[in-house]
Structure formats: structure tokens, C-alpha cells
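Good morning, colleagues. Please look at the structure on the screen while I speak about its salt bridges.

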Amino acid sequence: MKSAITICLVPEAARGPFVFHEGLSASCQNAADAGFDAVEIFPPSAHEFPTKELKTLLEQTSLNLAAVGTGAGWLKRRLSLTDTDSDKRREAVQFISEIIDVAAEFGAPAIIGSMQGQAGDVTQRSDSLAFLADTLHTLGNQAERHGQVLLYEPLNRYETNLLNTQEEAAKYLIEHSLVDSGVRLLCDLFHMNIEEQNVPETIIRLGALHTDLISHVHWADSNRRAMGFGHTDYRAVYNALNAVGYDRYLAAEVFPLPSAIEAASQTISSIEASTSS
Ligand code: LER
Ligand code: MN
């Protein structure tokens with residue numbers, strides 16, 4: 001498995017669960033110095049994505065781009081794939097589709113997290129899930145045309161009322177033929193800590209449902225601090241990922257506590273401790 005760490009380029013998300021917030025250049029340097037393989041970027045939009053600068057920095061630091069977040073569409077413009085207004089849904093699809101294109105230039109996938117939105121009330125949930133399936137099809141097919149996957153991230157109950165557990169989401173993706181359209185799961189261990197009965201067992205069951213379903217992991221502890229700073233049995237989680245053949249990124253999407261540098265080095269230590277156990 002490979003290591004990645006988050007860089008936030010959105011001032012409105014300064015207090016969000018991202019490790020580096022001090023500009024692209026310093027953040028890439030810090031990531032490389034800490035020993036990461038890659039960075040995951042949270043940009044304001046595709047138009048403000050620093051493609052040229054990032055290409056140079058990645059070359060200089062030998063880092064890769066692991067994934068690109070789309071959550072700024074929700075944070076800054078309240079766009080969501082399940083808005084009941086079809087014009088707003090189209091805008092949301094457009095926003096994400098542009099991010100899929102810029103991420104693909106780096107061989108990286110886009111993430112659908114908060115852009116999935118939520119149903120206004122329980123009576124709207126089935127409509128919302130139908131809107132979600134429809135828009136994920138469009139966006140997944142687009143990612144596939146670039147030879148990429150599209151990462152769908154189940155979120156905990158305080159962030160969405162759509163799909164909170166990984167198995168619920170996996171079954172939904174399979175039933176709606178979304179896996180055939182390039183949509184895959186992002187397992188965020190912070191959300192899973194809230195929603196799953198047993199995280200390693202869930203990972204094993206996901207592996208049995210479909211090979212290659214898990215395509216990205218947010219490597220976060222129970223309190224959304226760097227892995228090892230909470231109470232997750234992270235070696236058991238790592239072993240489960242290993243057992244299902246997961247070989248992609250463990251990306252630290254965590255708070256920069258007690259400092260960004262300490263969160264970065266703790267993340268690397270937790271991955272090394274998992275590998276050697
Ligand atoms: C996004 O990756 C995520 O985990 C959400 O909680 C939005 O912050
Ligand atoms: Mn996440």
C-alpha cells in the first residue's frame with residue numbers, strides 16, 4: 001500500500017480535516033520530507049486547480065497525485081448531486097466533471113464525498129438515491145473514458161442521510177450497475193468508526209462482495225486525528241485491507257493536530273508499524 005497526505009487549497013476549509021494548509025509548494029515539500037508517496041488535493045474548483053505548478057512540484061519532489069476532492073462545490077456553492085432542482089444537479093455534475101478531467105491529467109481519480117448531499121426528509125430519500133445513481137453513472141462513465149475510477153465515499157450519519165455504511169453503499173453500487181460504470185468505494189476509517197459494527201470484518205466482507213471494490217482509503221483514526229492518535233486498532237484494519245488484496249493509497253485526511261508535521265510523521269509511523277507487524 002502507498003501513503004498519501006491531504007493538502008487543502010480552500011481558505012473556507014481551513015478548519016477541515018486536512019493536514020497541510022500552507023500553500024501548494026510548502027505543502028508538497030512537507031509531504032515529501034515526511035516520506036509520503038503522494039498527495040491528495042482539495043481544490044476550490046477545476047478552474048482554480050494549479051495544474052502547471054503541481055506538475056513541476058510533483059516532478060521536483062517525486063510525489064504522485066493520489067486523488068482530488070470535490071467537496072468545495074458543496075462548501076462554497078451548496079451544489080449537490082441530489083438537489084431536487086435539476087438545474088442545480090446539472091451544475092453539480094458540471095463542477096465534478098471538470099475536476100475529473102484535471103485529476104485525470106495526473107492519472108488520479110476524483111472523490112464524491114459531501115457533493116452527494118442528503119435527502120430533505122425520509123420521503124425524499126428514494127428520489128435522492130435515484131438522482132445519485134443517475135449522476136454517478138454519468139460521472140463514472142466519464143472517469144472511465146480517462147481510464148480512471150470515480151470514488152464514492154459513504155459518510156457518517158451527521159453528514160448525510162443517504163448511505164452511511166460501506167456495505168449498504170457497496171450493495172447500492174452493485175445493484176445500480178455503478179461498479180460497471182467505474183464507480184468504486186472510498187473507505188474513510190473515521191466515518192467507518194462511527195457507522196460500522198466492526199471495521200476489519202466489514203473490509204473482509206467488502207472484499208467477498210466484489211474484488212477491487214475498495215479503491216481509496218482515508219487513513220484516519222477514530223477521532224479524525226492521525227492514525228495512532230485515537231483508539232483504532234489500525235494494524236487489524238491494515239491486515240484486513242491486505243487480506244482483500246488492497247494495494248492503493250492510505251491517505252491521511254485528518255486534523256493537523258497537534259501540528260501538521262506531527263500528524264504527517266505519525267501517519268508514516270502508523271503505516272510502517274502496520275507493514276512490519
Ligand atoms: C471527505 O473525504 C469527507 O470525509 C467528509 O467528511 C467531508 O469532510
Ligand atoms: Mn474522507
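Lys 55 is partly exposed, with a relative accessible area of 37%. Please keep in mind that this is a predicted model. The partner of Lys 55 in a salt bridge is Glu 105, and the closest N and O atoms of the two are 2.9 Å apart. Lys 55 belongs to helix α2, residues 51-61, whereas Glu 105 sits in the loop between α4 (86-104) and β4 (110-112), so this contact ties together parts that lie 50 residues apart in sequence. Glu 105 is also partly exposed, its relative accessible area being 47%.

In the whole structure, a search finds 11 salt bridges. Let me turn to Arg 224.

Is Arg 224 buried or exposed? With a relative accessibility of 9%, Arg 224 counts as buried. Its side chain meets that of Asp 188 in a salt bridge, at 3.4 Å from N to O. Asp 188 is found in strand β6, residues 183-188, and Arg 224 in the loop between β7 (214-218) and α9 (234-243), which places these linked parts of the chain 36 residues apart. Asp 188 is buried too, with a relative accessible area of 0%.

Arg 224 forms a further salt bridge with Glu 253, at 3.3 Å from N to O. Glu 253 lies in the loop between β8 (249-252) and α10 (260-276), 29 residues from Arg 224. Glu 253 and Arg 224 are both buried.

Which residues are joined into one network by salt bridges that share partners? They are Glu 159, Asp 188, Arg 224 and Glu 253.

Thank you for your attention.

Definitions and conventions
Residues numbered from 1 in each chain as written. Chains lettered and ligands numbered in written order. Predicted model: local features only at pLDDT ≥ 70, side-chain atom pairs only at ≥ 80, totals over all residues. Heavy atoms only, no water. Salt bridge = Lys/Arg side-chain N within 4 Å of Asp/Glu carboxyl O. Helix = DSSP H or I, 4+ residues; strand = E, 2+ residues; numbered from the N terminus. Buried < 20%, exposed > 50% of the residue type's maximum accessible area, 1.4 Å probe, protein only.
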